[in-house]
Amino acid sequence: MTQQTTPVNFVTGKSYKGDKAEILHNAAIGKEYTSGEWATMNQWNQVGRSVARGEKGVPIAYYRIVESNQGPVKEPCTVFLFNRCQLVRARQA
């Protein structure tokens, strides 16, 4: 059974908002994850956790503003977020 929780970043403790929250919430329901905790692979590694081999992250695409010699420019970015249920230890627990 999937919990209906607000997606939250495990490392920062901050709730995701807007489109990111909706994407992560829908991914959790679709994959029947029981956790609302998400983080990038680097963030999981920083706290001593690891993503299980073969797991695929949820891609989150967005634009960030960067300064260039022509002024502020929108730069496309993509991050991949992994649910706590995709961790090695979470599966063994």
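Student: Leaving out residues up to four places away in sequence, which residues does Ile 23 touch?

Tutor: With those sequence neighbours set aside, Ile 23 touches Val 58 and Ile 60. A touch here requires heavy atoms within 4.5 Å. Keep in mind that this is a predicted model.

Student: Where is Ile 23, and what separates its C-alpha atom from that of Pro 59?

Tutor: Ile 23 has its place in helix H1.

Student: Why is Ile 23 called partly exposed?

Tutor: Buried needs under 20% relative accessible area and exposed needs over 50%. Ile 23 has 37% relative accessibility, so it counts as partly exposed.

Student: How do you know that the length of H1 agrees with what a helix should span?

Tutor: H1 covers residues 18-30, which is 13 residues. At 1.5 Å a residue they should span 18 Å, and the end C-alpha atoms are 19 Å apart, so the two values agree.

Student: Which residues of H1 are buried, and what puts them on the same side?

Tutor: The buried ones are Ala 21, Leu 24, Ala 27 and Ala 28. They cover an arc of only 135° around the axis, which puts them on the same side of H1.

Student: What makes Glu 32 stand out, and where is it found?

Tutor: Its phi is near 60°, a positive value in a residue other than glycine. Glu 32 is found in the loop between H1 and E2.

Student: Is Glu 32 buried or exposed, and how do you know?

Tutor: The cut-off for exposed is over 50%. Glu 32 has a relative accessible area of 60%, so it is exposed.

Student: What is the order of the strands in the sheet, and what makes a strand an edge strand?

Tutor: The sheet is open, has four strands in the order E1-E2-E4-E3, and its pairing is mixed. The edge strands are E1 (8-9) and E3, as each pairs on one side only. H1 packs on this sheet, touching E2, E3 and E4, and its direction makes about 160° with that of E3.

Student: How do you know that E2 and E4 pair?

Tutor: Pairing needs at least two bridges between the strands. Three bridges join E2 (residues 37-40) to E4 (residues 71-83), and these strands run antiparallel. To find the pairing in the structure, look for Ala 39 opposite Phe 82 and Thr 40 opposite Leu 81.

Student: How many bridges join E3 to E4, and what do these two strands form?

Tutor: There are 11 bridges between E3 (residues 58-68) and E4, which run antiparallel. E3 and E4 form a hairpin with two residues between them. Within this pairing, Tyr 62 stands opposite Cys 77 in E4.

Student: Why is the ring pair of Tyr 33 and Trp 38 given the name it has?

Tutor: Ring centres must lie within 6.5 Å to pair, and planes over 60 degrees apart count as edge-to-face. The rings of Tyr 33 and Trp 38 have centres 6.0 Å apart and planes at 65°, so the pair is edge-to-face. Both residues are buried. A search of the whole structure finds two aromatic pairs.

Student: How many helices and strands are there, and what pattern do they follow?

Tutor: The protein has three helices and four strands. Along the sequence the pattern is β-α-β-α-β-β-α. Of the 93 residues, 33% count as buried.

Conventions: Residues are numbered from 1 along each chain as its sequence is written. This is a predicted model: local features need pLDDT of at least 70, side-chain atom pairs count only at pLDDT 80 or more; totals for chains, interfaces and linings use all residues. Side-chain values use heavy atoms; hydrogens and water are left out. The expected span of a helix is 1.5 Å times one less than its number of residues. Buried means under 20% relative accessible area, exposed over 50%, partly exposed in between (1.4 Å probe, protein chains only). The arc is that of the directions from the helix axis to the C-beta atoms. Axes are lines fitted to C-alpha atoms, for helices over the stretch in contact, and angles run from 0 to 180 degrees between N-to-C directions. Rings of Phe, Tyr and Trp (its six-membered ring) pair if their centres lie within 6.5 Å; planes under 30 degrees apart count as stacked, over 60 as edge-to-face and the rest as tilted.
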